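Please keep the sequence and the structure open beside the text while you follow each solution.

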Amino acid sequence: MFNSTVKTKFIGLFGNPLGQSAAAYMHNSVYQALNMDCFYVPYEIEMEDLEHVIKNLKRFHFAGASITMPFKAIVYRYLNALDESSKCTEVVNTVVIDEDGRLIGYNSDGFGCVRSLEEQCGLTIPDHRYLILGAGGAASAVSAALARQGAKDIKILNIKDDFAIAEKLQRRLEMFYPGCSSIDYMNDCTIKSSLSDYDVVIHATKIGMFPMTDAVLFNTRWLLPEHTVCDVVYVPVETKLLKEAKERGCTTLSGLWMNVNVAAEQMRLWFGISAPTDFMYLAGTDYLRAQGRLRS
């Protein structure tokens with residue numbers, strides 16, 4: 001049982017909704033195992049409260065904050081500075097309070113995806129071509145991190161109704177990493193044709209996320225065994241997309257590994273620790289199993 005003290009450091013997870021998140025269980029399992037006097041707490045807040053909450057973090061003994069939807073592309077407005085990991089896209093998922101009390105924005109989402117592709121899939125980032133489906137916060141972070149690690153060909157597909165988001169993302173990528181990205185409308189035709197040219201597929205939409213676990217964005221019969229398929233969705237751990245991709249002979253990567261590496265990087269930024277990622281992955285699956293959200 002956790003007992004806070006006057007020295008306890010808190011981390012807040014700010015988003016809405018948060019009912020599906022395994023983050024608090026995963027973080028607190030590590031802090032308890034390492035006998036750290038800190039506690040990770042989820043807070044569902046409203047948009048109008050974000051500025052007040054962020055600007056008052058240090059008043060309430062917070063070491064920092066974790067930011068999720070729908071605040072990732074907005075919270076930078078209330079920070080003192082941005083780290084290189086978030087300057088390109090202005091998408092922030094991690095807030096660190098430095099020694100001078102300044103609020104610094106980082107993005108460990110992209111780091112988490114890249115690290116997972118390297119460690120779990122054995123990829124050397126510059127040697128592959130990347131098709132990213134979606135252009136929201138996760139897609140922005142992942143594309144920027146891939147470009148920062150030397151990826152030379154990143155194609156981003158997004159639906160026509162929200163294509164301005166993809167256009168803004170590409171403008172930002174061109175400012176920081178010229179010539180590495182292209183964009184197009186996302187539909188059956190462009191997905192199918194792109195799959196013949198790109199060997200790493202990163203699904204970065206909400207399709208397939210609990211409770212809509214029977215949904216798949218595209219016809220997985222278009223996949224080849226040469227494809228590596230990554231899903232940023234981690235509830236369920238193995239989405240229908242990943243299950244069908246595996247049946248096609250593809251290498252697959254669960255979004256839970258991305259989430260684990262995101263959390264591990266956050267712990268490094270907040271506390272300077274090297275987090276036990278295998279332990280965290282097991283903690284994440286334990287939580288999802290207890291919630292009845294682990295696909296059998």
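**Exercise 1.** Which residues in helix 1 meet which residues in helix 10?

*Solution.* The model is a predicted one, and the steps below read its geometry. On the side of helix 1, the residues in contact are Tyr 25, Met 26, Ser 29, Val 30 and Ala 33, and they meet Phe 279, Met 280, Ala 283, Gly 284, Asp 286 and Tyr 287 in helix 10. Sorted by class, the residues of this contact are eight nonpolar, two polar and one charged. Turning to the geometry, the axes of helix 1 (residues 23-33) and helix 10 (residues 277-290) come within 9 Å and cross at roughly 130°. Angles over 145 degrees would count as roughly antiparallel and those from 65 to 115 as roughly perpendicular, and helix 1 and helix 10 are therefore oblique to each other. The crossing of helix 1 with helix 10 is right-handed.

**Exercise 2.** Describe how helix 1 packs with helix 9, beginning with the axes and ending with the classes of the residues in contact.

*Solution.* The axes of helix 1 and helix 9 come within 11 Å, and they cross at roughly 50°. These two helices are therefore oblique to each other, and their crossing is right-handed. Helix 1 contributes Met 26, His 27, Val 30 and Tyr 31, which meet Leu 256, Asn 259, Val 260, Ala 263, Gln 266, Met 267, Trp 270 and Phe 271 in helix 9. By class, the residues of this contact are nine nonpolar and three polar, with no charged residue. Met 26 and Val 30 are named here among the residues that meet helix 9, and both are also named in the contact of helix 1 with helix 10.

**Exercise 3.** At what angle do helix 4 and helix 9 pack, and how far apart are their axes?

*Solution.* The angle is about 125°, and the axes of helix 4 and helix 9 are 7 Å apart. That angle makes helix 4 oblique to helix 9, and the crossing is right-handed. Asp 109, Phe 111, Gly 112, Cys 113, Arg 115 and Ser 116 of helix 4 make the contact with Trp 257, Met 258, Asn 261, Val 262 and Glu 265 of helix 9. The residues of this contact divide into five nonpolar, three polar and three charged.

**Exercise 4.** Which residues lie closest to the centre of the second largest pocket, and which helix gives the largest share of its lining?

*Solution.* The second largest pocket has a volume of about 210 Å³. Of its 15 lining residues, Ser 85, Phe 111, Arg 148, Gln 149 and Glu 265 are the closest to its centre. Helix 4 (109-119), helix 5 (137-148) and helix 9 (255-271) each supply at least two residues of the lining, and the largest share, five residues, comes from helix 4. The lining divides by class into five nonpolar, five polar and five charged residues. Phe 111 and Glu 265, both among those closest to the pocket centre, are also part of the contact between helix 4 and helix 9.

**Exercise 5.** Locate the cis peptide bonds described here and a positive phi value in the backbone.

*Solution.* Most residues other than glycine have a negative phi, and most peptide bonds are trans.

- A cis peptide bond with omega of about 5° joins Asn 16 and Pro 17, and Pro 17 is found in the loop between strand 1 (9-15) and helix 1.
- The bond from Met 69 to Pro 70 is cis, with omega near 5°, and Pro 70 is in the loop between strand 3 (62-67) and strand 4 (81-82).
- Asn 35, a residue other than glycine, has a positive phi near 55°, and Asn 35 lies in the loop between helix 1 and strand 2 (38-44).

Key. Residues are numbered from 1 along each chain as its sequence is written. This is a predicted model: local features need pLDDT of at least 70, side-chain atom pairs count only at pLDDT 80 or more; totals for chains, interfaces and linings use all residues. Side-chain values use heavy atoms; hydrogens and water are left out. On a 1 Å grid over the protein atoms alone, a cavity is a set of points where a 1.4 Å probe fits but cannot get out, and a pocket is an open set with protein on both sides within 12 Å along at least five of seven lines; lining residues have an atom within 4 Å of a point. Grid points are joined across faces, edges and corners, and a volume is the space filled by probe spheres set on the points. Helices (H or I, at least four residues) and strands (E, at least two) are DSSP runs, numbered from the N terminus. Ala, Val, Leu, Ile, Met, Phe, Trp, Tyr, Cys and Pro count as nonpolar, Asp, Glu, Lys and Arg as charged, and the others, Gly among them, as polar. Axes are lines fitted to C-alpha atoms, for helices over the stretch in contact, and angles run from 0 to 180 degrees between N-to-C directions. Angles under 35 degrees count as roughly parallel, over 145 as roughly antiparallel, 65 to 115 as roughly perpendicular and the rest as oblique. A crossing is left-handed if the near helix is turned anticlockwise from the far one by less than a right angle, and right-handed if clockwise. Contact means heavy atoms within 4.5 Å.
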